[in-house]
Amino acid sequence: AQRMVEKGENILITRVEKKKALKIKKAFPKVKYYPKPQAITIINQQIKKEGKGTILVISAGTSDIPVADEAVLIAEMMGNRVDRLYDVGVAGIHRLVSQRERLLQANVLVVVAGMEGALPSVVGGLVSKPIIAVPTSIGYGANFGGVTALLGMLNSCAPGVAVVNIDNGF
C-alpha cells in the first residue's frame, strides 16, 4: 500500500474489520472506512467515470445491504456510474415492479439476495440486460449459510444471469 500511495494510485482494501481499519488509518491519513461493506479506500487521484451507462445494484432485503454496498463501492472505484435499489425482494415484489423504469434504464444489474435467492430470476424475467447474481449467507431455515441462494441462482431459467460466490460483492 505504501508503494501504491507513493505512486499516487488509488487503493481499495476489502474485508477489513473496524479495529484493523483504525490501525491502517494511522499509517495512511487519507483512508476512508466504509463500515457496512468493511472496506477501505485511499483516493490519490480523481476517479473518472468511464463506464458505459449505469450499473444498478439491487438488494432483496436490508440484511443484504452490506454485500450490495461492497458491489457499489467496487463499481464506483472502477469508474462506473452506479444506482442503488434496496429492499425490493420477492416478499415485497410490488416495490420492485414499481421501479421497472430504473431496471430498464440500467446497462448491467447486480442483484444481491439471500434466503432462496429468487430475486435474480425475477429481475431476469423483467429485463434483457446482463445480471450478476450475488448470493448472501443471510437467511434462516434451510438457507445453509447461503448455499440455498447460490443453488437457486445457479438454476435460474432467466437468460443472462451470471452467479458469483456467496457474500462476494467484489
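The model is predicted, so local features need pLDDT of at least 70 and side-chain atom pairs count only at pLDDT 80 or more, while totals for chains, interfaces and linings use all residues. Residues are numbered from 1 along each chain as its sequence is written, and side-chain values use heavy atoms, with hydrogens and water left out.

**Overall form**

The protein chain has 7 helices and 8 strands. Helices (H or I, at least four residues) and strands (E, at least two) are DSSP runs, numbered from the N terminus. The C-alpha trace spans about 50 × 35 × 25 Å along its principal axes. Of the 170 residues, 39% are buried. Buried means under 20% relative accessible area, exposed over 50%, and partly exposed in between (1.4 Å probe, protein chains only).

**Salt bridges**

Side chains of opposite charge can pair when their charged atoms come close. The whole structure holds 4 salt bridges, each a side-chain nitrogen of Lys or Arg within 4 Å of a carboxyl oxygen of Asp or Glu. The table gives some of them.

| Pair | N to O distance |
|---|---|
| Arg15 and Glu70 | 3.1 Å |
| Glu76 and Arg84 | 3.9 Å |
| Asp87 and Arg95 | 3.7 Å |

In the pair of Arg15 and Glu70, Arg15 lies in the loop between β1 and α2 and Glu70 in helix α3 (residues 65-77), so the pair ties together parts that are 55 residues apart in sequence. Glu70 is buried, at 3% relative accessibility. Glu76 is partly exposed at 24%, and Arg84 is partly exposed at 38%.

**Backbone angles**

Most residues other than glycine have a negative phi. Arg15, not a glycine, has a positive phi of about 60°. Asp167, also not a glycine, has a positive phi of about 60° and is found in the segment after β8 (161-163).

**Surface lysines**

Lys19, Lys20, Lys23 and Lys26 form a patch of positive charge on the surface. Patch residues have over 30% relative accessible area and no salt bridge, and like charges are joined within 9 Å. Lys23 sits in helix α2 (residues 18-27) and is exposed, with a relative accessible area of 58%.

Notes
Patches are made of residues with over 30% relative accessible area and no salt bridge: like charges are joined within 9 Å, nonpolar side chains (Val, Leu, Ile, Met, Phe, Trp, Tyr) within 5 Å. Accessible areas come from the Shrake-Rupley method with a 1.4 Å probe; for residues, only the protein chains shown count as cover. Lys and Arg count as positive and Asp and Glu as negative; His and the chain ends are not counted. The place of a charge is taken as NZ of Lys, CZ of Arg, CG of Asp or CD of Glu.
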